[in-house]
Amino acid sequence: MEMKGRKRSIAQSIHDIDFQKLAKTASHPRERMRYLAFAHMRDGKSNSEIAVMLKIHRMTITDWIKKFNKEGIEGLKEKEGRGAKQKL
């Protein structure tokens with residue numbers, strides 16, 4: 001299948017990571033979704049195809065790619081919230 005749209009620039013290390021295994025072991029659902037998106041990328045799916053499958057906007061996937069290129073696998077992990085912390 002031929003990819004449509006612009007060619008994505010993603011770190012070569014995407015092929016060194018087993019994203020399906022990470023998705024199965026991830027405890028947070030948003031983190032699991034990010035890993036599934038990257039597993040689909042490894043299979044050659046376009047950002048638009050992945051967005052339809054996961055029911056998210058394709059620019060969200062672009063943001064995840066940028067984080068992965070900048071921070072590696074740590075960029076895909078769920079971060080602690082920035083809001084006020086509970087006092088109780």
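1. Glu-80 and Lys-85 form a salt bridge whose closest N and O atoms are 3.9 Å apart; the term denotes a side-chain nitrogen of Lys or Arg within 4 Å of a carboxyl oxygen of Asp or Glu. Glu-80 is exposed at 63% relative accessibility, whereas Lys-85 is partly exposed at 47%. Here buried means under 20% relative accessible area, exposed over 50%, and partly exposed in between, with a 1.4 Å probe and protein chains only.

2. On the basis of the note: this is a predicted model, in which local features need pLDDT of at least 70 and side-chain atom pairs count only at pLDDT 80 or more, while totals for chains, interfaces and linings use all residues. Residues are numbered from 1 along each chain as its sequence is written, and side-chain values use heavy atoms, with hydrogens and water left out.

3. The structure holds five salt bridges. One of them joins the side chains of Arg-30 and Glu-78, at 3.0 Å from N to O. This pair links distant parts of the chain, since Arg-30 belongs to helix 2 and Glu-78 to the segment after helix 4, 48 residues apart. Helices are DSSP runs of H or I with at least four residues, numbered from the N terminus.

4. Glu-78 also forms a salt bridge with Arg-34, and the closest N and O atoms are again given as 3.0 Å apart. Because Arg-34 lies in helix 2 and Glu-78 in the segment after helix 4, the pair ties together parts that are 44 residues apart in sequence. Arg-34 is buried, with a relative accessible area of 13%, while Glu-78 is partly exposed at 27%.

5. Glu-31 is another residue of helix 2, and its relative accessibility of 14% counts as buried. Leaving aside neighbours within four places in sequence, Glu-31 is in contact with Ala-26, Leu-76, Lys-77 and Glu-78; contact means heavy atoms within 4.5 Å. The C-alpha atoms of Glu-31 and Leu-76 are 6.5 Å apart in space, although the two residues are 45 apart in sequence.

6. The second largest pocket has a volume of about 200 Å³. Its lining includes Arg-34, Glu-78 and Glu-80, together with Trp-64, Lys-67 and Leu-76. By class, two lining residues are nonpolar, two polar and seven charged. A pocket is an open set of points on a 1 Å grid over the protein atoms alone, where a 1.4 Å probe fits, with protein on both sides within 12 Å along at least five of seven lines; lining residues have an atom within 4 Å of a point. The volume is the space filled by probe spheres set on the points, which are joined across faces, edges and corners. Asp, Glu, Lys and Arg count as charged, Ala, Val, Leu, Ile, Met, Phe, Trp, Tyr, Cys and Pro as nonpolar, and the others, Gly among them, as polar.

7. In helix 3, residues 47-54, the buried residues are Asn-47, Ile-50, Ala-51 and Leu-54. Seen down the helix axis, they fall within an arc of 100°, so they line one face of helix 3; the arc is that of the directions from the axis to the C-beta atoms. Their cover includes helix 2 (29-42) and helix 4 (58-71).

8. Lys-55 follows helix 3 and is found in the loop between helix 3 and helix 4. Its phi is positive, at about 60°, although Lys-55 is not a glycine. With 75% relative accessibility, Lys-55 counts as exposed.

Key:
Helix = DSSP H or I, 4+ residues; strand = E, 2+ residues; numbered from the N terminus.
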